[in-house]
Amino acid sequence: MFDRYMIVGEEFKNVKSGGEVTGFQLGLRLPYYRGVVLSLVGDMVIKVDGEQVPLEDMSVTVGGKTFPLSGLVKETVSKWEFGDIGILTVKKPGGLKPGEHKVEYSQHMKISYVPNGFWGSDEKTLHLAA
Amino acid sequence: MSDSNKIKRGVSLYSFQEEYFLRKMTLEDILAALADMGIHGIEIIGDQMIPGYPDVTPAFYDNWHKWLAKYNHTPVCLDMFLDWNKFDGRVMTFDEKVESVKSDIRVAHELGCTVIRVISKTEPEVLAASAEYAEKHNVRLGVEIHSPMHFDHPYIQSLIDIYEKTKSPYLGFVPDMGIFVRRFPRVIWERWVRDGMRPEIAAEIVKAYDTHTGVAEIAETVKAMGGTAREIGASHTIQHFVDANPKRILDYSKYLFHIHAKFYEMLPNYREYSIPYEEVVPIFDQAGFNGYISSEYEGNRHIQDAFEVDSREQVRRQHEMFKELLHEA
């Protein structure tokens, strides 16, 4: 439905903590036509330059709160609103090298009236500033 | 305002999902655009444009009522979902499902809506258990009849059974006009071709739908033509579309609460490419329906790769058609 808007390149950058580059971040939108509680946001598969990011290294910030990806199944109240850009933060000491990176994102949505839910996906080549 | 015995025109704000999603239009922008077009019946999807739904803030209600007054709009319908799968490792209990419907009823009441579009597949017993509460809040619960279902589907018939037993005038239906797709939508197969489907394969799939021949076997046909896995996968789409007989509406007149006027592509001559509204609208008139026919534009997802989506123009064209078919001066 909104697959082509899922990866938001403007938010792509390395993140620092205490002077060290600790990882990188990416803007994401869900492919579905309504906002959902986070427990209905299913498996999230992110690949950068062909390499899949481990689940335990990802967290997402939506509505001003940050959640580890592995804990979304328990969030039955907090919502990811329709069209909102969530900030995905990936733990990766040293971050990514400046320059072009191929980013792939597939998202499973657990939608009650669709048997087995559905998947949306997007792929973009993004530039990481130095 | 319109004559109370006539069909009235409205819009589901779903029609503007592309612009809202991309933050090109706010909720108020959409309400203002509809007022400019002379459209005043409003339907809203809680989970789409009401932050925090169903926990709606007093500030949202204040703005909503301020905007309705400012633009002279009538709140008509709230669209709900039943997320029975939201808990980790278990499904909702019956009581939790009823409670979920009751929270939708409370919100609809606060918004001023008198109909809720109930998501398809909601259990009939859950609706029966919610009917009294709905009546208390003067909100009618209409289950959406959405393709590939139509009036004769066992689920719809099971609802009618329980409606007959319950005898509550607050339980009924919201038919979606996507059950009257006569010609396969052009915007869908043109997108397939842009995405790499060979035109002769697309033509074969569309022919099967339009002539009602070989729909069940379409995957085999495409395979025999040397179709790729992707072409075969897309071919199944036609099995989810329905070309029901619009006259069946007459059998269910007393249960009609609201109409979802689904559309894929309004042409410059004010006709929908795939749905024969000129046949369907007069039948609702004949059925004595006097609620709202509510635009539901769903073409955006099929054209957004190649064209600028203009939901406003698509809605405008549909309402020009409605005015003609409803004999509005």
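Two strands count as paired here if DSSP finds at least two bridges between them. Everything in these close-ups comes from a predicted model.

**View 1. A four-stranded open sheet in chain A.** Reading across the sheet, the strands of chain A run β5-β4-β10-β11, with antiparallel pairing.

**View 2. Strands β10 and β11 of chain A, side by side.** Zooming in on one pair from that sheet, β10 (residues 99-109) and β11 of chain A are joined by 11 bridges in the antiparallel sense.

View 3. Look for A:Gly95 in the loop linking β9 (86-91) and β10 of chain A. Is A:Gly95 buried, exposed or partly exposed? With 18 other C-beta atoms within 10 Å, A:Gly95 is partly exposed, because the label "buried" takes 20 or more and "exposed" takes 12 or fewer. Setting aside its neighbours within four places in sequence, A:Gly95 has contacts with A:Asn14, A:Val21, A:Gly23 and A:Phe24. A:Val53 lies 42 residues away from A:Gly95 along the chain, and their C-alpha atoms are separated by 12 Å.

**View 4. Helices α5 and α6 of chain B, packed together.** Two packed helices are described by the angle between their axes and the distance between the axes. For α5 (residues 94-111) and α6 (residues 124-136) of chain B, the angle is about 40° and the axes are 9 Å apart. The crossing of α5(B) past α6(B) is right-handed. On the α5(B) side, the contact is built from B:Phe94, B:Lys97, B:Val98, B:Val101, B:Lys102 and B:Ile105, while α6(B) brings B:Val126, B:Ala129, B:Ser130, B:Tyr133 and B:Ala134. Sorted by type, the residues of this contact come out as eight nonpolar, one polar and two charged.

**View 5. Where chain B touches chain A.** Here 24 residues of chain B are in contact with 21 residues of chain A. Which elements of chain B give two or more residues to its side of the contact? Those are α1 (17-21) and α3 (46-49) of chain B, and the largest share, three residues, comes from α1(B).

Technical notes. Residues are numbered from 1 along each chain as its sequence is written. Chains are lettered from A and ligands numbered from 1 in the order in which they are written. This is a predicted model: local features need pLDDT of at least 70, side-chain atom pairs count only at pLDDT 80 or more; totals for chains, interfaces and linings use all residues. Axes are lines fitted to C-alpha atoms, for helices over the stretch in contact, and angles run from 0 to 180 degrees between N-to-C directions. A crossing is left-handed if the near helix is turned anticlockwise from the far one by less than a right angle, and right-handed if clockwise. Two residues are in contact if their C-beta atoms, placed from the backbone, lie within 7 Å. Ala, Val, Leu, Ile, Met, Phe, Trp, Tyr, Cys and Pro count as nonpolar, Asp, Glu, Lys and Arg as charged, and the others, Gly among them, as polar.
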